[in-house]
Amino acid sequence: MAIDPTTAAGFIPSLWDSKVQYASNKRRGVTRMVDDTGKRWFGPGGTIKRPIMQVWPAALTYSGAALTIQNPAQNIGTADITPTWKYAHTTLQEDAANTGIVDLVQVYAPAIVESVYQAIDIDVLTLIQSAVASVGGAAEWNESDFLSAISTLLTNGGDKVELGNIFGVYHTAKWDAIFGTGNIVSAAIRGENNSGAKTGMVQMAYGVKLFFTALVTTSTTLRNAIFVRDAIWIARKNDAKFEMGRNVTGNATVGGLTTSLACSTGYGTAYLHKSTTPQFSSDLLVAHLTNTA
């Protein structure tokens, strides 16, 4: 009888690399494109209100007569956020913690924290689904719809919109269609100072900074969007933080000695300018609701 790897299996150990690889997460970064108020709201308090003043029209030319007092109704509105908490949590059992070839806290912490950060981007992109203004009528991305979206944004946003400071967030499924458009990739058209054709990268087109992520919401159609920073805001109650604590009692599910591993953060997202009433600024966000994957 020959001795082969099967018959000698008891003498051949499995080897595990101590350098852990993590599965790829969807690209995030949308929170950097909106009005993130940072630590301003840390501490006591519940609902957070941002006052919004309506446009105040000038009166007719003064003719020497008595002035008419201007007092437009409902001249102060608010954009409200009531923060909620997102968390990721697990427990590390004692026998696993003490027998792993690597420190299991260090191994699992990055994955737990990343899930919380992903949730914030997802919430912003979910909010985009309810955009008031929408353009596009084709199954695939096209330049005409893109220009129409920018035009709509300029019309609705007024002085809140500045070319060069507009963000375009598109699903990765749209990359080939966008980069297959000659006017998007051509340095001759886009200008030498903004030339991405030489490196195969395009960071801005028609005054819009392009960003691709598979986190873009898909529900029959892709909720791709272009918007300005003041369209959406984030209010935070604390920074996302990773914590661990010792458990010595256990329960029916997890008994004995364990260590809790958790990451949590409190925040909320909302439109800062949305056409909920005629008195306030129009929605500053335009979504391509009809581009299919």
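This is a predicted model: local features need pLDDT of at least 70, side-chain atom pairs count only at pLDDT 80 or more; totals for chains, interfaces and linings use all residues.

Biologist: What is the phi of Y206?

Modeller: Y206 has a positive phi of about 55°, although Y206 is not a glycine.

Biologist: Changing topic: how many residues are in the largest nonpolar core?

Modeller: That core has 22 residues, and V30, V169, F227 and I232 have the most contacts inside it.

Biologist: Which elements give two or more residues to this core?

Modeller: They are the helix α2 (104-128) and the strands β6 (166-170), β11 (224-228), β12 (232-236) and β14 (258-271). The largest share, six residues, comes from α2.

Biologist: What lies apart from this core?

Modeller: Another core, of 20 residues, lies apart from it; V135, W141, F146 and L210 are among its members.

Biologist: Now the largest pocket. What is its volume, and which residues lie nearest its centre?

Modeller: The volume is about 320 Å³. Of the 16 residues lining the pocket, R27, V202, Q203, L210 and F211 lie nearest its centre.

Biologist: Which elements give two or more residues to that lining?

Modeller: Those elements are α4 (175-179) and β8, with β8 giving the largest share, four residues.

Biologist: And the lining by class?

Modeller: The lining has ten nonpolar, three polar and three charged residues.

Methods: Residues are numbered from 1 along each chain as its sequence is written. Side-chain values use heavy atoms; hydrogens and water are left out. A nonpolar core is a set of buried Ala, Val, Leu, Ile, Met, Phe, Trp, Tyr and Cys residues joined through side-chain atoms within 4.5 Å. Buried means under 20% relative accessible area, exposed over 50%, partly exposed in between (1.4 Å probe, protein chains only). On a 1 Å grid over the protein atoms alone, a cavity is a set of points where a 1.4 Å probe fits but cannot get out, and a pocket is an open set with protein on both sides within 12 Å along at least five of seven lines; lining residues have an atom within 4 Å of a point. Grid points are joined across faces, edges and corners, and a volume is the space filled by probe spheres set on the points. Ala, Val, Leu, Ile, Met, Phe, Trp, Tyr, Cys and Pro count as nonpolar, Asp, Glu, Lys and Arg as charged, and the others, Gly among them, as polar.
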